[in-house]
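Hello,

Here is the structure I promised to pass on. Please open it first, then read my notes below.

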Amino acid sequence: MSLVPRDLSLFTRGSAAERKEVADALCRDLSRSGFVKLVNHGLTDKMVGELFDWVRMTIPGGREQSLTGTQNKRFFRTPLEVKQRMAHEPGPSPQRGWSRLGAESSSKLYGKQFGQKDEQERSDAREHFDMGPVNDPNFPNKWPEEEALPGYRAFMESSFTEFQKISTAILKALEVALEIPEGSFAGKVSNSASELRFNRYPAINIEEVRKGSVSRIWPHFDLGVITLLFQDQIGGLEMEDRSKPGSAFIPIEATGQSEMIVNISETLQRWTNNCIRAGLHQVTLPPPLKGFSQGVIPERYSVAFFCKADREASVGPLTSFISAKTPAAYDDMTAIEYQQQRLLAAY
Ligand SMILES: O=C(O)CCC(=O)C(=O)O
Ligand SMILES: [Fe+2]
């Protein structure tokens, strides 16, 4: 099953009929698999290209030597001391700054929920950078010094705003499709506790992955409302095959870095009282390497925006989704309480 790209501009700029049609298609896809692909989402190819330019260690096609000055500055390439000064401290607080290779375990995040034992220690072969809202007084962002990476902070802050706008449009489309009051979802992400993340998966031996204690990212759900993701051309992202729960995954084809992949995260599942379920996903061997037991999986990058609920918003089911037949399946608690409880499990 491959995901059919949906055109978000038909919702943001279309006629009333086009808006409804594309909203329904989005909602159908997301309800079926937890995932949808979007084109004309609002970030141009150039903007997505610039995002990847900030993360890639090297430029494909051997253009590396021609780079000078600021073009040569890339986030993951900054010296270790610079990254260490902006390192995230493991714990329940939202992630900020740099997380070293293996710092977070997506396996723990998901495994504990389902009773997996701690001794099954499994790590992610991944380093990442996270930022939250601009000028967040409670959980301030951690930046590299401006001279170490000129322009990085300004670029990231403006990208964050764009991702937030796109998330709001998607949530409005879901409100239209589900015929629930305007603002039911989009009105709860306005103060934004969202996060923008860069992931880097270094090249790794297939044997290492086959041993079963390391993966690029273990099966997990994201914590927020929805996640917007761009992946490079390497591939390896997979979503759960819902016809074989817990035992099979379907590759999400890497058909162009500007194609946005959207998945439902835990908060939306809670708000909709399981009407739209979160998409379980992982990153593993890219499809062309599936049958191999030896060799190297090339380095891979992705950019993820986790649209999260306002910290004081409830993550309990909304009244539109509660009835005598479908009583509330989740407790009422604030988004920040929920996030801290879940993050404690990830370290
Ligand atoms: O790298 C990817 O494609 C997925 C990353 C991801 O699932 C995450 O950061 O939560
Ligand atoms: Fe994820």
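Arg 300, Ser 302, Ala 304 and Phe 306 lie on one side, and they are all buried. Eight of the eight residues of β16 are buried, so the strand is largely enclosed by the rest of the structure. Keep in mind that this is a predicted model.

Which strands pair with β16? One is β6, which runs antiparallel to β16 and is joined to it by seven bridges. There, Arg 197 has Ala 304 of β16 as its bridge partner. Another is β10, which pairs with β16 in the antiparallel sense over six bridges. Here Leu 229 stands opposite Ala 304.

**Ligand 1**

These strands come up again around the ligand. β6 (195–201), β10 (226–231), β14 (281–283) and β16 (300–307) each supply at least two residues of the shell around ligand 1. Among the surrounding residues are Arg 197, Leu 229, Ser 302 and Ala 304. Asp 222, Gln 231 and His 281 also belong to the surroundings of ligand 1. How many residues of each class are in the shell? It has five nonpolar, four polar and two charged residues.

**An open sheet**

β14 also sits in an open sheet of four strands. The order is β9-β14-β11-β12, and the pairing is antiparallel. β9 (217–220) and β12 (249–251) stand at the edges. Each has a single partner strand, so one side of each is left without a neighbour in the sheet. Neighbouring strands of this sheet are turned by 25° against each other on average, direction ignored. Three bridges join β11 (residues 237–240) to β12. In one of these pairings, Glu 238 has Pro 251 of β12 as its bridge partner.

**The core and the whole protein**

The largest nonpolar core has 67 residues. Leu 26, Ala 173, Val 225, Ile 226, Leu 228 and Val 262 touch the most other members. Helix α6 (residues 152–178) gives the most to this core, with nine residues. Take Leu 228. Leaving aside neighbours within four places in sequence, its contacts include Phe 163, Ile 166, Met 260 and Phe 305.

Last, the overall counts. The protein has nine helices and 16 strands. Buried residues make up 40% of its 347 residues. Among contacts between residues at least 6 apart in sequence, 75% join residues at least 24 apart.

Best wishes

Notes:
Residues are numbered from 1 along each chain as its sequence is written. Chains are lettered from A and ligands numbered from 1 in the order in which they are written. This is a predicted model: local features need pLDDT of at least 70, side-chain atom pairs count only at pLDDT 80 or more; totals for chains, interfaces and linings use all residues. A residue is near a molecule or strand if its C-beta atom, placed from the backbone, lies within 6 Å of it. Ala, Val, Leu, Ile, Met, Phe, Trp, Tyr, Cys and Pro count as nonpolar, Asp, Glu, Lys and Arg as charged, and the others, Gly among them, as polar. Two strands pair if DSSP finds at least two bridges between them. Axes are lines fitted to C-alpha atoms, for helices over the stretch in contact, and angles run from 0 to 180 degrees between N-to-C directions. A residue is buried if 20 or more other C-beta atoms lie within 10 Å of its own, exposed if 12 or fewer, and partly exposed in between; C-beta atoms are placed from the backbone. Two residues are in contact if their C-beta atoms, placed from the backbone, lie within 7 Å. A nonpolar core is a set of buried Ala, Val, Leu, Ile, Met, Phe, Trp, Tyr and Cys residues joined through C-beta atoms within 7 Å.
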